[in-house]
Each structure stands twice: as structure tokens, then as C-alpha cells.
Amino acid sequence: MSRTRNKSEVTDLIAVHGGACAKYDASLAEDCRFACGTGTVENALTDLERIEKFNCGFGSHLTIDQEVECEASYMSSKNLSFGAVGAISNVFHPSRVARHLAHSNWWKQRRLLHPLILVGRGAEKYAAKNDFPICTPEELISNAAKDSYEKYLHRMLHPYDTHDTVGAISINTNTMEAESGTSSGGIVLKHSGRLGHSCVYGSGTWSERRQYEEPFDQFSERTISICSTGHGESLVKADFCRGIATRVLDDEEGIMYSEIIREFLHEKMEPGARFGGIAMIADKFKERMSLEFLIFHNCRYLPAAVRGRNNQIRVFESKFDPDSCTDDKFVIESFNM
């Protein structure tokens, strides 16, 4: 494991993105900065679900039937725990319900199969049963979402040129454990009951920690936390987050992580599919640690923020112009932390 450097003082790392965007809006990155300061994946997503301009929670896109159907997922590197909810319309913060589902011991205590995903009425009953604040579907509908629905329905504009799934990732540099999560209202004008990539195990998010044998009976560690945004069906087909994570964790040749991701995108993503994501990767051996943040996408704008060493928060306003793109037809940016 060659990618290491002297370890300096570190804190828990967290990164947040505001979803694939069709146009630039500087306020989105600042909102990501604020969410980053809350300290956990759950709190960061909860903050974004409160802000109308993001496509999650309050302000989510409307279905073709003018309803809100939210979805969210959560994953922990501990035992690869996962929970997701979809087509849920009665809670302000579906990301909290997803996390609760991932960590619940209710089924284990009764020797029952622990579900990974709950949808529709089942998800809504679960939220109510576990005392999450309940709302009416109408309380999740913002004026902006109504305007967006009318615009895309009557003008027949491309429904994907809007805000998309938001996400958050974190790595604890002491334990090398990771968390990740997503929250989304789905694409505008989606068919009722449609589930996006957020709900699918391995597509919307992935967090995993591995140990590797080293000489003299020693071990090194590598952890990755990643989440995605974009065209859900294409991300599901590519097994997006798990696919990238597996290649990163399997690498023992010292290949640059940006090159691993680049190769995956070339091989697995369908032509014309919009996608984006953020990832954090930590490598640790003895007292040395390397930390890397990557942002990659082919949308016009992907706002993000990272809280790294010594609680410093850095904002990223990553842009891509498809009309003057490189041979890659996407952008990958990598930063040491």
C-alpha cells in the first residue's frame, strides 16, 4: 500500500453534494457548506430536506399525478448495514427513516428477516410506528415544485434538466468506519410508484472498510464512502456506487483513484445518461494516513462541500460544459485532504 503520507491531526470527515444541476446557482454550494457543518450524514441530509430548492423532502419534484413520493437510503460500513425507503409521502425527513431501518434490531430480536427496503404504505406505517413526525402529502409540496410541474408538463421540456438526488458521505479517521446516504424526490413527472437508484442496494450509495495483509504480520486499511446522483435507471444498471467502490478496494497496484473511476465510467455508463457522485477514500498503515476527496459528473453543475482536517470546510462548485467537453465527456476532480 504505497499511497500514504505522514498523518497529521484529523477529525471526522464529511462531504455533502446538492445533486446534479442543469444550471449554476452559487447559493446551493453555500447550503452544502452549512449542511457539512452539522457533523453527520443524517443531520446533513436532514438540513437539505428542509430547503425548498433541493429535490428532497419539502420541495421534492412532483409525479405525473401531481403527488410527492420521496425516497432515501443509508449505509454503514459496519456489517454493510443498509436501509432505504421509497414512494413515501408522509414524513419531512425520509433519510432519518432509512437510517433507522438500517440499524433497527426489531426483526433480529424476533428472528425475522430484516428488510433492506420499505416502500409506499409499508414505509409510511414504519415511520409512524417508530414515532417519526408525520405530515400530510400536501405539506411536502412547495410552490416551486408546482411551478416546475406545470413548466415541464405543458412546455414539454426535458424533465431531467432539473435538480437531482442529494447525498452525504463520511469517514471516521479513528475507526476507519464510514457512512453514506441519499435523499430524493425523483425526477419531475415520474410515474407514480417509480423507484430511483437511491433505494437500490449498491447504486445510490456505498460505504465499506477493508483490511489488507502486510509483511511481518501487519495490516493496512482502506475505506471508501460514495454516493451518486443522476439518471436512476442508468445508475442501477451500472451498479454505480458498489461497482466503483469494489474497483477501488480491489486495487493493489497503486493506480490513481481518479483513473479507476474514469475507467469505470467509460465501461459502465450508458451513452446520454446523466450521472454524478462524490467519494472519500482513506488509506491507513500504522501511523500514516492518506485522505482523498473526488467529485465526478457530466452535468452542468454539481455543488458540494467537504469538512476535513481540523474542521475546515471547503466548498466546491464543479462545472462541466457538454458543448465543449473533453474525450471523456465528463469531469473528475481529485483533492488531497
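Start with the second largest cavity in this predicted model: select Val41, Glu42, Leu45, Ser73, Tyr74, Ser95 and Arg99, the residues that line it. You're looking at about 30 Å³ of space. Colour by element and you'll see that helix 2, strand 2 (70-76) and helix 3 each give two or more residues to this lining, with the largest share, 3 residues, coming from helix 2. By class, the lining splits into 3 nonpolar, 2 polar and 2 charged residues.

Stay on helix 2 and select residues 41-50. Here 7 of the 10 residues are buried, so the helix is largely enclosed by the rest of the structure. The buried ones are Val41, Ala44, Leu45, Thr46, Asp47, Leu48 and Glu49. To see what covers them, show strand 1 (13-17), helix 1 (26-36), helix 3 (94-103), strand 5 (166-171) and strand 6 (178-184), which are among the covering elements.

Next, hop to the largest cavity, with a volume of about 40 Å³. Its lining includes Glu71, Asp164, Arg194 and His197, and the class count is 1 nonpolar, 7 polar and 3 charged residues.

Now for the largest nonpolar core, which has 30 residues. Pick Phe240, Ile244, Leu265, Met269 and Phe296, the members that touch the most others. Helix 8 (240-250) is one of the elements supplying at least two residues, and its 6 residues are the largest share. Click on Leu265: leaving aside neighbours within four places in sequence, this leucine contacts Phe240, Phe275, Phe330 and Ile332.

Methods. Residues numbered from 1 in each chain as written. Predicted model: local features only at pLDDT ≥ 70, side-chain atom pairs only at ≥ 80, totals over all residues. Heavy atoms only, no water. Buried < 20%, exposed > 50% of the residue type's maximum accessible area, 1.4 Å probe, protein only. Helix = DSSP H or I, 4+ residues; strand = E, 2+ residues; numbered from the N terminus. Contact = heavy atoms within 4.5 Å. Core = buried A, V, L, I, M, F, W, Y, C linked by side-chain atoms within 4.5 Å. 1 Å grid on protein atoms, 1.4 Å probe; cavity = no way out; pocket = protein on both sides within 12 Å on 5 of 7 lines; lining within 4 Å. Points joined across faces, edges and corners; volume = space filled by probe spheres on them. Nonpolar A, V, L, I, M, F, W, Y, C, P; charged D, E, K, R; others polar.
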